[in-house]
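Please read the following note with the sequence and the structure open side by side. Each point may be checked against the residues it names.

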Amino acid sequence: MSPTFALPPTFLGLEHRDPAGASLVVAGIPFDLGTTNRSGTREGPAAIRRASRMLADGANPMGWIDPAGLSVADAGDFSIALGDIPASLALIEEQAAGFGHLMAMGGDHTVTLALLRALHRRNGPVGLVHFDAHLDTWPDNFGQSLAHGSPFYAAIREGLVEPRRMIQVGIRSPVPKEVHDWTAAQGVTIVSAEEVHLSGPEAVAARIRSVLGQGPSYLSFDIDAIDPGQAPGTGTPEVGGLFTWQVMAMLRRLKGLHFVGMDVVEVAPAYDVAEITALAAASILWQYMTNMVYNQ
Ligand SMILES: [Mn+2]
């Protein structure tokens, strides 16, 4: 068995496996055209894969499940259209639609709109748990309707998600009041980072479970939900965020929910320190994979 540093540069060092025959498919989306501040998430997938190899030398103590031993494949990176956001989203949607249960590594948060459009073809509207510092329901981003501040504005308007089965966790950024009020008026549950700190991850996980219920659900994790002290490698950091221990404690408590797909987005390795942001992202994917065992 190779030491972790010598494993192939795939997610968890997975050797070549056929994505068509896998229950879970990991894919990267090297895209950052939708960023509004610091760019660089095009390098996210490679950094997450590299950091993930740290997690390949044993089982998850939760249930002693080894995610690398599940029916999972790394399909490589999706194609994008250089310099063209709508064409890139169309390409991402088509590629995502070819897979059953997709775990996507961004890329900036714009890509989630394409992923939800693909999912809608198969599942109809889904519930959504969205970890983020930002609501991402801006109707426009400095004149652009398609960018990383808007995926959930579009997703709600297009009927891709059920707003009353949608919960946002870690929210704390500056935001126009009308954007916040529009989001709340759709029926979305908004949980601030401070509420996680004050009430604790166990209580917030219980709220997530009650909002999502047992219907088909999607997990979208923007790494800037985590405090920049623990995840500096991102383009739009906001102070006062979640700690990685709180994130892992919440995710462990979401096992058994009916998730049909997920993404981890906004990792920008150029601003990372000692791979801590990439490792946080890899660990989120790894915990989600572990949780999926409880869905069977
Ligand atoms: Mn976001």
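1. The model is predicted. This should be kept in mind throughout the reading of the points that follow.

2. Strand S1 comprises residues 24-28, and five of its five residues are buried. Leu24, Val26 and Gly28 point one way from the strand, whereas Val25 and Ala27 point the other way. In a regular strand, the side chains alternate between the two faces of the sheet.

3. Which strands pair with S1? One is S2 (residues 72-77), which pairs with S1 in the parallel sense over four bridges; here Leu24 stands opposite Val72. Between S1 and S2 the chain passes through helix H1 (residues 44-52), and this β-α-β crossover is right-handed. Strand S3 (residues 102-105) also pairs with S1 in the parallel sense, over four bridges. Within S3, Leu102 is the bridge partner of Val25.

4. Helix H8 (residues 244-252) has as its buried residues Gln246, Val247, Met250 and Leu251. These lie on the same side of H8, because they cover an arc of only 130° around the axis. Their cover includes helix H6 (193-199), helix H7 (201-212) and helix H9.

5. The largest nonpolar core has 92 residues, of which Ala281 and Leu285 touch the most other members. Helix H9 (residues 276-292) gives the most to this core, namely 11 residues. Leaving aside residues up to four places away in sequence, Ala281 touches Ile48, Ile223, Val264 and Val267. In soluble globular proteins, nonpolar side chains tend to be buried together.

Notes:
Residues are numbered from 1 along each chain as its sequence is written. This is a predicted model: local features need pLDDT of at least 70, side-chain atom pairs count only at pLDDT 80 or more; totals for chains, interfaces and linings use all residues. A nonpolar core is a set of buried Ala, Val, Leu, Ile, Met, Phe, Trp, Tyr and Cys residues joined through C-beta atoms within 7 Å. A residue is buried if 20 or more other C-beta atoms lie within 10 Å of its own, exposed if 12 or fewer, and partly exposed in between; C-beta atoms are placed from the backbone. Helices (H or I, at least four residues) and strands (E, at least two) are DSSP runs, numbered from the N terminus. Two residues are in contact if their C-beta atoms, placed from the backbone, lie within 7 Å. The arc is that of the directions from the helix axis to the C-beta atoms. Two strands pair if DSSP finds at least two bridges between them. A crossover is right-handed if, with the strands pointing away from the viewer, the path from the first strand over the helix to the second runs clockwise.
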